[in-house]
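This report looks at how two protein chains meet and at some of the side-chain pairings within them. Please keep the structure in view while reading.

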Amino acid sequence: MAKHETPLLDQLESGPWPSFVTDLKRQAEKKPECWDILGQVELSYKDRITHWKHGGIVGVFGYGGGIVGRYSDVPKQFPGVEHFHTVRVAQPASKYYSTKHLRHLMEIWEKHGSGMTNFHGSTGDIILLGTRTEHLEPLFWDLTHDLNQDLGGSGSNLRTPANCLGQSRCEWSCYDTEECCHQLTIKYQDEIHRPAFPYKFKFKFSGCPNDCVAAIARSDVAVIGTWKDNIRIDQAAVKEYIAGNYPSNGGAHSGRDWGKFDIQKEVVDLCPTKCMWMEGGELKIDDKECTRCMHCINVMPRALRPGVDTGATVCVGAKAPILDGAQFATLIVPFMKISADNEFEELIEFIEKIWDWWMEVGKNRERVGETMQRVGLPTFLSIMGVDPIPQHVKEPRSNPYVFWKDEEVPGGFERDVEEFRRRHAA
Amino acid sequence: MPTLEHNGSTFQVDEDGFLLKGMEEWNDNWVDYVKSSEGISELTDEHTKVIDALQEYYKKNGIAPMVRILSKTTGFPLKRIYELFPSGPGKGACKMAGLPKPTGCV
């Protein structure tokens, strides 16, 4: 595999941001098939169209997913990418690594594949980019036997779960997102590796409403940490902020002069429910009216902390636009205890109740968010055994097309028109 | 596209080894051929039951059945289907039955 002329891609080697073209060229010195990656991408830049064929079904025995098959539509020109399958490898919670482990993984990957990777895919997996079909089983053997690492998910199944780094290095995390993500990933290996669902299904775990894994937008079940009691206030630290001794937002806005910190303007007046005020030099919060938006805590991390009665809000149904339009997850359980002490029992029961129902009624390629839309939120809640509460809606319905059940209406739905006509002659 | 020969039958397949002309070219030799590439040592009545179910559903509906419908019609839980077809119902059973290649976000 020879070098190709890549005048268009070469332009992407200038500028300050790390250049993927430079990286590819460096890897090509070791793995010549990378020249063909560059060649085909250059051709796509010129033709303005992809040169990968449609689809591709490859895999390893025992699993129905984990590997995304890909073939070049110009294999004669670029034999190095004739097969260019992508392997999804399960990542550790929060993506903490040792160099030893990464080196070992890269040794395996350079032995069986192109050496090119994506760290990481949007769902969280380690992505190994580009190998041939005949390498898949040997690669899988080495991954599992030498590295003790498994594939991630693809297809109509539970995809690889992901979490924010949680209590490992964040003072706001309201539950152990890493433990929860890890435990549930282990528990649901079968659902990850062998597609059994109407469509894909994702979990994501965030420690607080800042939602650093974007669970609310990118998972079918979003578990977002929160607390039930009061925000913990350190009044002495509040004074330090006011005095300008502590930088607001941990110094996040230090790149520009925004003037002296003004607690009234930057915290009290920006509170969405206006439940804060200053009184005698002390910051007061009416916690009953607080929606736990995180703003005040984000601005003054050294003075304000989440409460101690912590758990998570569970939202369901986020998805990208196809087919019925994009959706964020909608709140189903305002507060759930999330604890390794009971092996995440409540959350597991919740998830399995969704699956039991969705696997039965979900149409082919229908995300759970669409199934919810189709049957309606009230039906979904009753299936889940959740009592409707005002927190389930942003606002009540404005149309009057209200369904009632037979048993909710005195006399039911069975009526005799003859009887009606005795009082109202036609 | 590659053409391959097995026991005197010729088949046109795509790069993933799915029959390009589907059930039109499908016969016992195809089943015998796929058996070797999909990790199946011996073909049993249970394999045949899955293949028949897939073909029947496809002829009637023009699509492959969802996994749980396949489980329901054959009475085999997913675990059993993977025991029969190590590559799973898509890559294993559908290929052997001569159904078109599964598509979408796989």
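## Where the chains meet

Between chain B and chain A, nine residue pairs are in polar contact, with both residues of each pair at pLDDT 80 or more. The model is a predicted one. On the side of chain B that touches chain A, the elements giving two or more residues are helix 3 (67-74) and helix 4 (78-84) of chain B. Helix 3 of chain B supplies the largest share of that side, three residues.

Chain B brings 23 residues to the contact and chain A brings 29 residues. About 2,000 Å² of area is buried between chain B and chain A, and carbon and sulfur atoms give 55% of this area. Two salt bridges are found across the interface of chain B and chain A. K72(B) pairs with E360(A) in a salt bridge whose closest N and O atoms are 2.9 Å apart.

## Salt bridges

Over all chains, the count of salt bridges comes to 23. One of them joins E13(A) and K25(A), with 2.6 Å from N to O. E13(A) lies in the loop between helix 1 (7-10) and helix 2 (20-30) of chain A, while K25(A) lies in helix 2 of chain A, so this pair ties together parts twelve residues apart in sequence. E13(A) is partly exposed because its relative accessible area is 30%, and K25(A) is also partly exposed, at 21%.

D220(A) and R367(A) form another salt bridge, their closest N and O atoms being 3.1 Å apart. D220(A) is in the loop between helix 8 (215-218) and strand 7 (221-227) of chain A, and R367(A) is in the loop between helix 12 (345-361) and helix 13 (368-375) of chain A, so the pair links parts 147 residues apart in sequence. Both D220(A) and R367(A) are buried.

## A buried lysine in chain B

K95(B) is part of helix 5 (residues 88-97) of chain B. With a relative accessibility of 5%, K95(B) counts as buried, because buried means under 20%. The side chain of K95(B) reaches the backbone oxygen of D16(B) at 3.0 Å. Among the residues that K95(B) touches are G17(B), F18(B), W30(B) and E38(B).

## Aromatic rings

The structure holds 18 aromatic pairs over all chains. Ring pairs join Y188(A), F197(A), F201(A), F203(A), F205(A), W355(A) and W358(A) into a cluster.

Charged side chains also lie over rings. R302(A) is over the face of Y246(A), 3.6 Å from the ring centre, and K49(B) is over the face of F76(B), 5.2 Å from the ring centre.

Methods
Residues numbered from 1 in each chain as written. Chains lettered and ligands numbered in written order. Predicted model: local features only at pLDDT ≥ 70, side-chain atom pairs only at ≥ 80, totals over all residues. Heavy atoms only, no water. Helix = DSSP H or I, 4+ residues; strand = E, 2+ residues; numbered from the N terminus. Buried < 20%, exposed > 50% of the residue type's maximum accessible area, 1.4 Å probe, protein only. Polar contact = N/O pair within 3.5 Å; in protein donor to acceptor, adjacent residues only side chain to side chain. Contact = heavy atoms within 4.5 Å. Phe/Tyr/Trp six-rings, centres within 6.5 Å; stacked < 30°, edge-to-face > 60°. Lys NZ or Arg CZ within 6 Å of the ring centre and 35° of its normal. Buried area = accessible area lost by both parts, 1.4 Å probe. Salt bridge = Lys/Arg side-chain N within 4 Å of Asp/Glu carboxyl O. Lists of a residue's contacts leave out its neighbours within four places in sequence.
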